[in-house]
Amino acid sequence: MSATGTAHAAAHRSGGGGASGGPRHLAGTGALLRLALRRDRVMLPVWVLVLGTLVVSGNGSIAALYPTAADRAVLAASMTANSSLRALYAPVFGDSVGALVAWRFGVFAAVLAAVMSLIVVVRHTREEEETGRQEMLSAAVVGRRAPLTAALLTALVANTALALIITAGLAGRGAGGALALGLAVGLTGMVFATAAAVAAQLTESARLAKGLTAAVLGAAFTLRAAGDAGDAAGGSLLTWLSPVGWAENLRAFAGDRWWVLLLPVAAVLLQGLAAYELASRRDVGMSFLPARPGPAEGRLATAGALAWRLQRGGLAGWTAGFLVAGAVFGGMVEGAADLVGQNAQAREIFQRMGGAQALSDAFLSALLGLFGMVASLYAVGSVLRLHGEETSQRAEPLLAAPVGRLRWAAGHLVIAFAGSVLLLLAAGTGMYLSYGRDPGGVLAAAAVQLPAVWLLGAVAVLLHGAVPKAAVAAWAVAGLAVAVDWIGPALDLPQAVLNLSPFGHLPKLPGAAMEWPPVLVLTAGAALLVAAGLAGLRRRDLVTA
């Protein structure tokens with residue numbers, strides 16, 4: 001039986017609007033929740049276990065790198081004194097092992113939990129409407145608010161599991177601090193889950209809903225970074241305007257300011273109520289910001305032109321964001337490198353991320369590596385636009401015309417792979433403009449990230465072409481690669497683990513010698529995966545779910 005049929009039958013058994021089925025507008029919520037958890041039975045455990053384990057692993061790595069109280073006190077003082085590092089990580093509010101774990105991993109864990117949550121909620125709300133499945137279910141005994149409720153409960157299950165893993169894993173350093181850090185990460189995830197729920201009501205496509213929520217997340221991170229750069233105590237108004245800043249200001253293991261939890265809880269409630277109110281005022285498949293209709297001729301006469309029309313707005317937003325972020329982080333290089341150079345352990349972490357060359361070059365390489373990881377998320381999302389077009393049944397009438405599958409797919413793939421080039425060049429340009437040195441070296445360091453970005457995008461092509469029902473697993477693969485390369489060096493993970501990420505094989509430019517073999521191997525691997533994915537797409541039937 002299909003997924004839709006399973007949910008339909010289960011919802012029918014639940015009793016619909018009868019007395020035993022609960023409020024009519026929530027009828028079928030349990031069935032839809034079980035269906036969502038079943039569909040995400042691979043993706044969610046990977047996100048939760050990998051992210052939770054990486055945060056908990058910081059306990060041992062911090063204790064090993066800074067074994068004495070004096071070492072930790074020096075680190076805390078030096079990191080808090082530098083505005084560049086405060087902007088990147090957050091201020092240090094204590095010098096215990098637990099406080100340093102919260103400083104080093106708390107902000108990034110909160111951001112990744114937010115990414116996981118927005119993907120989950122949009123997948124089970126707007127994406128369901130876009131594919132037409134929700135309209136079928138709504139014609140049966142499924143309440144009007146059941147789909148949104150099931151999506152938010154799915155996000156709640158994932159964030160609760162993540163919070164429990166962090167709490168249990170760090171309880172040895174203090175139960176209160178461990179609980180505070182777990183709640184900070186989990187509630188940040190729920191803030192952006194409800195933000196995604198609002199975006200799903202406003203926009204007409206899953207892609208736009210994800211993009212809008214991701215833009216809010218990017219703005220929240222930028223506000224926090226700007227606020228922390230100007231205030232070592234985390235008390236800047238900009239920091240308090242950011243949900244990511246709330247997670248930081250809970251101060252896990254450094255005073256545990258429990259009242260701060262009222263802010264994310266209030267945001268979750270208000271955004272959740274707004275999402276329900278908006279959902280009650282629109283029809284299934286409709287939105288408050290409908291897509292603008294366009295001509296079916298002239299500039300849209302080809303499949304490639306249509307793909308460009310569909311994705312150009314998102315690419316423009318990503319490019320602008322990379323340019324601005326590159327300029328912001330480029331200005332941090334010299335000051336952060338000078339300060340990190342005073343601490344042997346911190347210097348070792350950045351050199352593991354950016355290579356053993358001069359520290360400023362290592363720091364620059366590490367920052368550009370972060371841009372490469374984020375660009376891989378763009379590539380995966382852009383490739384999976386093919387999957388969205390297919391499951392929403394918009395591809396079928398297009399392919400009924402004299403348009404081959406390869407031509408149709410090529411339009412989106414060109415934007416995905418060429419767009420990632422544009423993003424990294426924008427980041428490199430912004431970084432050079434603020435860093436002011438070695439433009440060729442900075443741009444080369446940005447460009448060398450491309451083979452790893454393309455490989456992760458190629459994984460999405462393979463999954464969509466060969467195993468379309470598992471296409472969403474491309475997000476889990478990309479998330480694992482990002483998590484390993486982002487947090488792994490600070491955890492002093494074995495090289496065998498770091499090698500799981502394609503970014504770990506790239507030459508550490510600028511400063512280090514260019515190594516062509518790994519670049520060529522990753523590029524060839526990406527080409528082979530794309531070819532295999534297109535071969536699978538050409539042979540299989542179109543899917544509608």
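1. How many of the residues of α10 are buried? In this predicted model, 23 of the 28 residues of α10 are buried, which leaves the helix mostly covered. Helix α10 runs over residues 175-202. From its first C-alpha to its last it reaches 41 Å, close to the 40 Å expected at 1.5 Å a residue.

2. Two packed helices are described by the angle between their axes and the distance between the axes. Helix α15 (residues 303-330) packs against helix α21 (residues 405-435) at an angle of about 20°, and their axes are 8 Å apart. The cut-off for roughly parallel is an angle under 35 degrees, so α15 counts as roughly parallel to α21. The crossing in which α15 passes α21 is right-handed. Sorted by class, the residues in the contact of α15 with α21 are 19 nonpolar, eleven polar and one charged.

3. Six aromatic pairs turn up in a search of the whole structure. One of them joins Trp240 and Trp259, with ring centres 5.8 Å apart and planes at 20°. Planes under 30 degrees apart count as stacked, and the Trp240 and Trp259 pair is therefore stacked. Trp240 belongs to helix α12 (residues 237-240), whereas Trp259 sits in the loop between α13 (243-249) and α14 (262-280). The pair therefore ties together parts that are 19 residues apart in sequence. Trp240 is partly exposed, at a relative accessible area of 22%; the cut-off for buried is under 20%.

4. A further aromatic pair is that of Phe322 and Phe371, whose ring centres are 5.6 Å apart. Their planes stand at 55°, so this pair is tilted. Phe322 is in helix α15 and Phe371 in helix α18 (residues 359-383), so the pair ties together parts that are 49 residues apart in sequence. Phe322 and Phe371 are both buried. They also belong to one aromatic cluster, together with Trp318 and Tyr378.

5. Helix α18 also holds Ser376. Is Ser376 buried or exposed? Ser376 is buried, and its relative accessible area is 0%. In sequence, Ser376 and Ser420 are 44 residues apart; in space, the C-alpha to C-alpha distance between Ser376 and Ser420 is 7.5 Å.

6. Some backbone details deserve a look. Which peptide bond is cis, with omega near 0°? The bond from Leu509 to Pro510 is cis. Pro510 lies in the loop between α25 (495-498) and α26 (516-539).

7. Ala90 is not a glycine, yet has a positive phi of about 120°. Its place is in the loop between α5 (83-88) and α6 (97-123). Ala90 has a relative accessible area of 4% and is buried.

8. Asp256, also a residue other than glycine, has a positive phi, near 45°. Where is Asp256 found? Asp256 is in the loop between α13 and α14, and Trp259 lies in the loop between α13 and α14 too. With a relative accessible area of 17%, Asp256 is buried.

Methods: Residues are numbered from 1 along each chain as its sequence is written. This is a predicted model: local features need pLDDT of at least 70, side-chain atom pairs count only at pLDDT 80 or more; totals for chains, interfaces and linings use all residues. Side-chain values use heavy atoms; hydrogens and water are left out. Axes are lines fitted to C-alpha atoms, for helices over the stretch in contact, and angles run from 0 to 180 degrees between N-to-C directions. Helices (H or I, at least four residues) and strands (E, at least two) are DSSP runs, numbered from the N terminus. Angles under 35 degrees count as roughly parallel, over 145 as roughly antiparallel, 65 to 115 as roughly perpendicular and the rest as oblique. A crossing is left-handed if the near helix is turned anticlockwise from the far one by less than a right angle, and right-handed if clockwise. Ala, Val, Leu, Ile, Met, Phe, Trp, Tyr, Cys and Pro count as nonpolar, Asp, Glu, Lys and Arg as charged, and the others, Gly among them, as polar. The expected span of a helix is 1.5 Å times one less than its number of residues. Buried means under 20% relative accessible area, exposed over 50%, partly exposed in between (1.4 Å probe, protein chains only). Rings of Phe, Tyr and Trp (its six-membered ring) pair if their centres lie within 6.5 Å; planes under 30 degrees apart count as stacked, over 60 as edge-to-face and the rest as tilted.
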